[in-house]
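User: I have a chain open here and would like to talk it through with you. Could you start once it is on the screen?

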Amino acid sequence: PWPGVITPPLPEKQTVGRFDPEFVEKRRRALASFLGACATHPLLCACPLLHSFCEWPAALRSTVLQCAPTQYVPSAEEFNRTGSGEPLKSALNDIDAFALQAAKLRDVLKREHVRDLERSVDLMELAQAYGSFGTSDFNFALRPLLAKASQTMGVLSTLAKLQAEADQKALLNTLKEYKHICSSIAEQCRRREVAAKAVESVLIELKAAQFALAKAVGRAGVERKAADLEAKVAECRGRAEGAQARLALHARTLSVELSRFHATKNGDFARVLRQLSAEHARSTAATHEQWRQLLAELGSVPGTPNGHVYAPASNLSNGYGGARQAPGSAGGGFGGELSFMQALQQHTSPPATLQVPSAPGAFGAAYGAEGALAAPVGGCGGSPRGLAAAQQYSPPVV
């Protein structure tokens, strides 16, 4: 009964699969949203048709009528006084642009929702992989840590899934609801344009009838035609006035509805964004707490079963610049401060001497007075005299 009123559209019907549980639930939610919007609307809540359809008792009807606003739509004088120019001239273009932007945002959020679900699945597979890796006999010492890592990945998988569901329930559903409302606003804007064209058509017809009547007035023999033209002019004038009144009421109602739409939209999106931010904050805090607990569990890595201490990977960067020390010695690993010969001396068993006959020249000088080899077997560091002689020796040129 009120042109320009914005309500969510009725859900679509379908012939095939209309009793499908998912479709029935989807249609039920849409009908509940439609009836809720009508019951809370300042104008529609007082409609007797709504009262009969919802079967409201008399006490509820009287309460609703008492709470309904007495003047929701401004009068023509107030609307013309407060309005500037044509407030609804670009309403259709604006609402179409808003719908496109909301659709783009929904697409991005859907992709993020899919990525969150995929992330949840990946974390669950990672938890299973950690658990399987810990069952190996080679990882007996790491089994408790791998079990803790598997448990942590499982919790993170659950958090990622809950976060994805929270995003869908919060912002995606709100955007979907306002998508339907935007279609209703666009429909009302188009109806207003149709009403404006109807007014223009009636005014053109009125001008044509008035012009014909002006030509017929005062001419002899056309009195009957003049009377018919006068009746047509009166009829066109009445239709024009009615069309203009309906157009003005449509414009005033739609203008108020757009203001109400913006106020409701701003409040809903602000609430949803706050809820979404709070959910992300809680999820992020829970995720960080899981990683902190896992880090605390991994703080002390147990030794290998045979008791050997393996050098860190960073010590391998120097190549053969040092030597690997025995287990339990300080500063072990590759790349230490010792030179190659010094490390070789430390790793050599107690020096064993090799009895060889005396040899003349510089080669013989490398041996001791008793004819023993001055340098230990496997090393290069015997007595200083033997080492110096070995360094001075140069093989003969053949």
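Analyst: What follows is a short exchange about the fold, the salt bridges, a charged patch and the cysteines.

Analyst: This is a predicted model, in which local features need pLDDT of at least 70 and side-chain atom pairs count only at pLDDT 80 or more, while totals for chains, interfaces and linings use all residues. Residues are numbered from 1 along each chain as its sequence is written, and side-chain values use heavy atoms, with hydrogens and water left out.

User: How many helices and strands does the protein chain have?

Analyst: The protein chain has 10 helices and 0 strands, where helices (H or I, at least four residues) and strands (E, at least two) are DSSP runs numbered from the N terminus. Read from that end, the order of elements is α-α-α-α-α-α-α-α-α-α.

User: And what share of the residues is buried?

Analyst: Of the 398 residues in the protein chain, 28% are buried; buried means under 20% relative accessible area, exposed over 50%, and partly exposed in between, with a 1.4 Å probe and protein chains only.

User: Salt bridges next. How many turn up in the whole structure?

Analyst: A search of the whole structure gives 8 salt bridges, each being a side-chain nitrogen of Lys or Arg within 4 Å of a carboxyl oxygen of Asp or Glu. One of them pairs Glu205 with Arg239, whose closest N and O atoms are 2.9 Å apart.

User: Which other partner does Arg239 have?

Analyst: Arg239 also meets Glu235 in a salt bridge, at 2.4 Å from N to O. Because Glu235 and Arg239 are 4 residues apart in helix 7, about one helical turn separates them. Glu235 is partly exposed, with a relative accessible area of 39%.

User: What about Glu289?

Analyst: Glu289 forms a salt bridge with Arg292, with 3.0 Å between the closest N and O atoms, and as the two are 3 residues apart in helix 7, they too are separated by about one helical turn. Elsewhere, Glu25, Arg28 and Arg29 are linked in a network of salt bridges.

User: Changing topic: which lysines gather in the patch of positive charge?

Analyst: Lys26, Lys110, Lys176 and Lys179 gather there, on the surface. Such patches are made of residues with over 30% relative accessible area and no salt bridge, with like charges joined within 9 Å and nonpolar side chains (Val, Leu, Ile, Met, Phe, Trp, Tyr) within 5 Å. Lys26 lies in helix 1 (residues 21–39), and Lys26 counts as partly exposed because its relative accessibility is 48%.

User: Are Cys38 and Cys54 buried or partly exposed?

Analyst: Cys38 is buried, with a relative accessible area of 7%, whereas Cys54 counts as partly exposed at 26% relative accessibility.

Conventions: Areas by Shrake-Rupley, 256 points an atom, 1.4 Å probe, with all protein chains shown as cover. Lys, Arg positive; Asp, Glu negative; His and termini not counted. Charge placed at Lys NZ, Arg CZ, Asp CG, Glu CD.
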